[in-house]
Amino acid sequence: MRQILDFSAQRPWWILGLLFLVTAAAVTQVGKVEVRVAADDLLVIDDPERRYAELVKERYGDQKVVLVYLEDAHILDPEKLKAVSGVIDSLEGRGFVERVESLFSVPWLKSVEGYLDKSPYLAEIPQTREEADRILRAALDNTFIRNVLLTDDGKGMGLAVILADGVSGADDKRITRVIEQEIAPLRDHYLRSFAIGFPQIRHEITQSIASEQGDLFPLALLALLVALFAILRKVLDVALPVLTASLSVVWILGLMGWLGIHLNVVTSIVPILMVVVGSTEDIHLLAEFRRGWRKRIEPRRALDNMARKMGRTVLFTFITTFVGFLSVGLSRIDVLWQFGLLAAAGLLLNFLITITLIPAVLALAVRQREAPRGGRRLSGDGENLAQGFWDMLRRGRAPVLLALAAVAALAVAGATRIEVNHNPVDSLAEHSEAKRYIERINQRLSGLETFSVVIDSGIQDTFLKARYLEEVVEIQAFLEEQGVARATTSFADYLALLNAAFQELDEPRLPSSDDIVNELMIFLDYDRVADYVAEDYSEARILVRHNVASTAELRRFVGELQGFIDEQLDSGLEARISGDSVLTLSATNAMIYGQLQSIGLLLLFIVLVISLLFTDLRAGLLAALPNVFPVLVLFGFMGYAEIPLNIGTTMAAAIAIGIAVDDTMHFMLRYNQELKFYKSQSQAVVHTIRGEALPVIATSLALIGGFLVFATSDFEPIRQFGLLSAVVIGAALVADFLLTPLAVSTLRLVTLWDLLSMRVRTEVIGKSCLFRGMSDRQIKRFILSSTLLEFKAGERVFGIGEPSEEVYMVMAGGVEVRVPRRGATDCDMVVDRFSSGQLFGEVAMLAGETRKGNAITLEQTTLLVLNREGIENAVRRYPLIASKLFLNMATDISHRWVRFIKRASNNEICAPAMEDSRDD
């Protein structure tokens, strides 16, 4: 990463030219981006329930309906009905309309002079009020009409416009416009008249999305400008983040246009989100550059310092945010999966722009300029402020931690109050015309929400038997008792109507015997019941219409229905609940699970990344603390504010945490660097606060301002997403400056490897025989399990007879190993002398024997000690590395024996006896 930043600073015109070409290419594709909305966007990908629902639709039909609703005190007034009849005829002449179901077409089953009459209720327009009232009373006895095409009080009537096969979302605008034109004359006759259906809903959402892009984008840029200028105060430092964010928007829109990806309710967030998050790393890079600039470092060195200190950091912060965006798609809901991929792609493009444009522009801007004076004074002021803040925080450690714990406890209590409400109607704006129409339909008719109960026997003609038809009726009766379903219709209902007409009964009644059913089948028109029973009558379907908006209430309702079916249904039958409402519940389950999964995986990823960076699991766990706190605050806020978990709020936690963790990582990596330099935890914290305060506060304020822009959206889930994201960023800012410093100050995050100088790593360790053929990462694994020991000249490292649990490497100085000899010669045998990078003590350790000689330092000496346990752990965990280690040991021992034999043959192994060794 440092190389990329350096390259961009060294060749700024090449970088700017390349960015210009890519941007120009992206601009040519932006115009191809379209806004499209589909009902399937809110469903779960590869959901088994979804596949079964599609099978039910194939079997019983999938009618796409636009409902024209008319309301008046005298709904069947002759003049009004003439106008309605004309509108129906005109609509049925349109190519996108298959037919219109209404009182003009639904058959009125009745006996007339001994014959079964199937003419529609409005085969003739009633001329008197009495005749009209008689038709209304008869129609309200028909379950296929009551609360479906006619309100209970007879003052509201529906015309179900059945759309033709092949109609798609691309036709929404045309269908909406044409139907509005056709029903316009009815407004002169009826108190209330409107058309509502998915084409109207999708068209309104599409228009709202397009409108919001134009409204929210300037607001997001303004919020970013205000936040940046309030903190940074330099034109270039304010302009660069805005420029990178703007280029990111152009690039992602260009990519969408090139790939043919559409904007929908959720993915429409992405361009504005790029403005919100596209400035964060810019601020950190600029702050680091300005820090060197204020110290009057030569511009080229200031850029190199920025690349050296921030290269690794911006890479890892990008990765964590990238994973946070991707994790949104774990819920497996189609629209969230699309959003996760698109947002992650946009973030990647923004990252590429940032790491190339920032150093390139800075290189050009400061090429001929001298560093400003007065930098040292400003730096000193910042250090004094940081020192004062840290002293105050350290003195108040207990109250601060107690306060944070109390906030967390309150948040946990609030989180228990969160409800789930995955209602697609919430995607409509609060002042939406379509939303008002839907609410009116829900109040006056049965509502637009449906699901099916499919009852299967697997045996032909099952549902021509009275006893099995009674099973269907019992389920319908249970549904009516619950008071939730506004209308249920089935094959049994049609037979009841047919039976009442055939036997001239006062009200519909189910046939009491199989014989009567068989007689009625003579008069049955199967096309009229094809939506409710299989052609071989082995399977029947109950269509349930309801207006339940609450997911919790719908879940309870469906659960009670399933319980009733499990307990009461004939053992020879199987029933399954399916349909759009069930798919919504399935999506809700996926949303909840995905939310928890994405947060859990993201926190785990943070722990792993930080642990690997610091080679210490404790560091990873510490990094998770300031990011768990905002999650608790988020859920607590949702509970107390009564904000439900929905398609918008489910994104807030993962996205906001993925962004907020950047500041935690900046803090910890900076602390790691400062601790290496100052070797004092307290001073390292002070300089970390001093270095990170400005960029962290600036990015947090910019993010909060940007997310609050979403709170002005017309769409409730998006508005809640913006508010909650701002809350998370605010909570993360508090945690980063209170919890993170207190946490990291308790743990020394500098390892032995970090303390070793680069010269020692390359000239001593890198050239040691022990680590021959190993990479730096492999060597580091052994170094981290070892310790450094200091010895004065003439001091004993180990002596004869002592346990052999360690192997020693000379880092500096020298060591001599001797074996005392008694008898004729008054001298010790010098086994060998060891200098920097050489290994000793491994023979006895590998053999499992006690020491056979004395190791004495020849001068001031530093030794690296590897113990047996560390080596054995490496053998178990890294067998490939262990094999290299043992090969290197064996090779070294062999070379030493060759040298020893050669010295022995030349009588070079005897030295005057040392007094301190004879005691051994």
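Select Asp832 to start: leaving out residues up to four places away in sequence, Asp832 touches Val815, Glu816, Val817, Arg896, Arg899 and Arg903, where contact means heavy atoms within 4.5 Å. One of these partners, Arg899, is joined to Asp832 by a side-chain polar contact of 3.2 Å. A polar contact is a pair of N or O atoms within 3.5 Å; within protein, one must be able to donate a hydrogen and the other to accept it, and residues adjacent in sequence count only if both atoms are side-chain atoms.

The model is predicted: local features need pLDDT of at least 70 and side-chain atom pairs count only at pLDDT 80 or more, while totals for chains, interfaces and linings use all residues. Residues are numbered from 1 along each chain as its sequence is written, and side-chain values use heavy atoms, with hydrogens and water left out.

Now colour the strand around Asp832, which is β15 (residues 827–834). Helices (H or I, at least four residues) and strands (E, at least two) are DSSP runs, numbered from the N terminus. Is Asp832 buried or exposed? Asp832 is buried, because its relative accessible area is 10%; buried means under 20%, exposed over 50%, and partly exposed in between (1.4 Å probe, protein chains only).

Next, select Thr862 in strand β18 (residues 861–867). Thr862 is buried too, at 15% relative accessible area. Its side chain makes a polar contact of 2.8 Å with the side chain of Glu790. Apart from neighbours within four places in sequence, the residues in contact with Thr862 are Leu788, Leu789, Glu790, Met809, Val810, Met811 and Ala812.

Go to Ile800, in the loop between β12 (796–798) and β13 (806–812). Ile800 is partly exposed, with a relative accessible area of 27%.

Now show helices α22 (residues 617–640) and α25 (residues 716–744), which pack at an angle of about 145 degrees with their axes 8 Å apart. Axes are lines fitted to C-alpha atoms, for helices over the stretch in contact, and angles run from 0 to 180 degrees between N-to-C directions. On the α22 side, the contact residues include Leu622, Phe629 and Phe637; on the α25 side, they include Leu723, Ala731 and Asp736. By class, this contact has 19 nonpolar, one polar and one charged residues. Ala, Val, Leu, Ile, Met, Phe, Trp, Tyr, Cys and Pro count as nonpolar, Asp, Glu, Lys and Arg as charged, and the others, Gly among them, as polar.

Move to Glu642, in the loop between α22 and α23 (649–678). Its phi is near 60 degrees, a positive value in a residue other than glycine. Glu642 counts as exposed, at 66% relative accessibility.

Asn147 is in the loop between α5 (129–140) and β5 (156–163). At 7% relative accessibility, Asn147 counts as buried.

The next stop is helix α9 (residues 269–277). Nine of its nine residues are buried, so α9 is largely enclosed by the rest of the structure. Among the buried residues are Ile269, Pro271 and Met274.

Finally, colour by domain. The assignment gives domain 1 (2–35 + 233–416 + 587–744), domain 2 (71–203), domain 3 (449–546 + 548–578) and domain 4 (752–919); such bounds come from an automatic or database domain assignment. The C-alpha centres of domain 2 and domain 3 lie 25 Å apart. Their contact takes 16 residues from domain 2 and 18 residues from domain 3.
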